[in-house]
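Have a look at the sequence and the 3D view, then read on.

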Amino acid sequence: MKTRIELLEQLEEELTALRCRAYRAYSKEEFLSLLNSLLDTFPSPKIALENRPWIQSLDLDAHIMKENRHLLHLPSKERRKALRENNWEAAHTVQIGIGGADYALADTGTLVLFSSSSGGRWISLTPTVHICLLPIERILPSLDDLFPLLAQEENGTALGSAITFITGPSRTADIELTLVMGAHGPKELHVITLLF
Amino acid sequence: MKTKTEQFKTLAEKALGNEALQEALARACGHIGRMRSNAFQNFPEGETLRDQAHRIKTGVMDNLEVYLQRLETSARRLGIKVHRSPDAADARQYILGLIRSRNISLVVKGKSMTTEEIGLNPELIKNQVEVWETDLGEFIVQLAEESPSHIIAPAIHKSQKEIAELFAKKLGVPWHDNAEDLTMVARKFLREKYFRAGMGISGINFAVAENGTLVIVENEGNGRLSTTFPPIHVAVMGIEKVIPGMKDLAVFLKILARSATGQKFSTYMSFLQGPGRTDEDDGPEELHLILLDNGRSKILADPELKPSLYCLRCGACLTACPVYRRIGGHAYGWVYSGPIGATLAPQYLGLLRAKDLPMASTLCGTCASVCPVRIPLPDLLLKLRQRIQEQGGMTYYEKAFIKVWSVAQNHPSGYRVLPVLARKGMKLFPGLFPKGIPLSEETFHQWWHDENPD
């Protein structure tokens, strides 16, 4: 059996081969400075944050807000209705989506997201850049280790309307087999593993 | 697309003379084939998984109705509306009915060979519905008013220059001469469509009977966008795509992407478990699942040809086939091409209508050697040839040739004399034989005899 760090190393190797960027944060301070320096590479980014509990507890709003950055604020009540009725345009101009992963699979470099915990599907989909936060204890060796866990969740229905497996940034090779990233989904995928 | 299987010989000949196509096919098939074989070389358990996949499919086909009913029940439990379509017309009608009752004017489509099969787009356009294919390759093919020429690389036959011209002409954008810029043009053009569309239509790679999960596998993200933002998602699947449980799904997922593109997993695998929930930002309000028969039950009832329904639509047999590699997908004149297309076409369209397709194979077996579910394609093609012959699908000359051939093969003297006669014939009537095959100086028998005088 591989140790956590060995699994992380394997995951990072796969992610790099898939043209993702992998980072480690050993403390909250390190995480925040890493995230901020990553966000600094974009001139005046429009950012959307996922609101799963452990991300909320990091209090990112306060820590990443700077005057040149715009954070998309969505109504807390009837979000779904509000988004559908008037905010999709706004949501679709978001350049950077910051969210979490429910699991990661080390042997394939895959992130697994439950729509119940991410509150929907768009943050990992419509922005040009997807920054994914991954607690180290959520790394599993492979798909075979994940499926029994899914089954425990009462037919999987507690996991939301979609379980999304993400293996690298959106890609296509439909024009003369030239590999292009960001066909329709994110062009960049940054994975920050949290070791604190 | 318009079915043109009767014109196979003409179309194939045209393809052979098309230099640009020859170049594109050689490059694409070579590349994709290498990716596949590398993927399996580094994956020793792959061979066992392929055996397992074959066994799972055999089990499903032997009890298809049981699994379909189980799927219906569990999908309904998830809030999915299930509809059974006996044929293409019924499926088109069901979709059109939804469109009319909800006043939908714009539809986006994720990649789906099944909707190509039922001729959905022409029907929607005829009814004044704006419809956009969102997979880049499918989008290119739609703009060019063509049909996909490969299951997983629909625009494999088009050069970058042709695509640049097409985008400039049809979308009114400046000329871009690199793949990245062209991809971004499509991305930008299609992005707003997902948010404006009243319906998203997709195919399905797998449907899990035990819990109703619908699985969509893709690389671009257009499938996710088409099934997340429009208020209604309609998934169209052939009934053979049902699998018993999640354990089986794991087997297929591990071999599907490796067979198709040589990736361990495709970029996105979406497990859809019902419409979007009230506590989620997005996801459709309604999810409809169409279980399409369209001739599949008939194949199922044929014990000899049943394995043609095991197909996962990965495209590996196309890319590997020496015939497909030379003539490309359009020559087959139908939605599915290559060895699997040649196997399915006579069964779906009628033996005589597609009688040339099973003949367009060297029976070399490469297709079977790469098929992730081990469909015995050469055996199936041989059986189809036999049935076509029985139905009178061979010309007098073809029958005469086969008769002479079998007599000669059964007698040593005939076996010796036939190559000599054939060489004479090729010299006397060069017009009757395919061009570009050089004639050697001597027959194999002569060469063998010279090398081994004893």
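What follows is a short tour of chain B and of the place where chain B meets chain A.

## Before you start

This is a predicted model, in which local features need pLDDT of at least 70 and side-chain atom pairs count only at pLDDT 80 or more, while totals for chains, interfaces and linings use all residues. Residues are numbered from 1 along each chain as its sequence is written, and chains are lettered from A and ligands numbered from 1 in the order in which they are written.

## Chain B as a whole

Chain B has 21 helices and ten strands. Both are DSSP runs numbered from the N terminus: helices are H or I with at least four residues, and strands are E with at least two. The radius of gyration of chain B (taken over C-alpha atoms) is 24 Å, close to the 22 Å from the globule rule for 454 residues, so chain B is as compact as a globular protein of that length. That rule is 2.2 Å times the number of residues to the power 0.38.

Along the principal axes, the C-alpha atoms of chain B fill a box of roughly 85 × 55 × 45 Å. Of its 454 residues, 48% count as buried, meaning that 20 or more other C-beta atoms, placed from the backbone, lie within 10 Å of the residue's own.

## The open sheet

In what order do the six strands of the open sheet in chain B run? The order is E1-E10-E7-E4-E2-E3, with parallel pairing; strands pair if DSSP finds at least two bridges between them. Strand E1 (81-85) and strand E3 (130-133) of chain B sit at the edges with a single partner strand each, so one side of each has no neighbour in the sheet.

Let's zoom in on one pair. Strand E2 (residues 106-109) of chain B joins E3(B) over four bridges, in the parallel sense. There, B:Val107 has B:Val131 in E3(B) as its bridge partner.

## Where the chains meet

Across the interface, 52 residues of chain B are in contact with 43 residues of chain A (contact means C-beta atoms, placed from the backbone, within 7 Å). Helix H10 (179-196) of chain B is one of the elements giving two or more residues to this side, and the largest share, eight residues, comes from H10(B).

Strands take part too: strand E9 (residues 162-166) of chain A and E9(B) run antiparallel, joined by five bridges. In this pairing, A:Thr164 stands opposite B:Ser270.

Methods
Contact = placed C-beta atoms within 7 Å. Buried ≥ 20, exposed ≤ 12 C-beta atoms within 10 Å, placed from the backbone.
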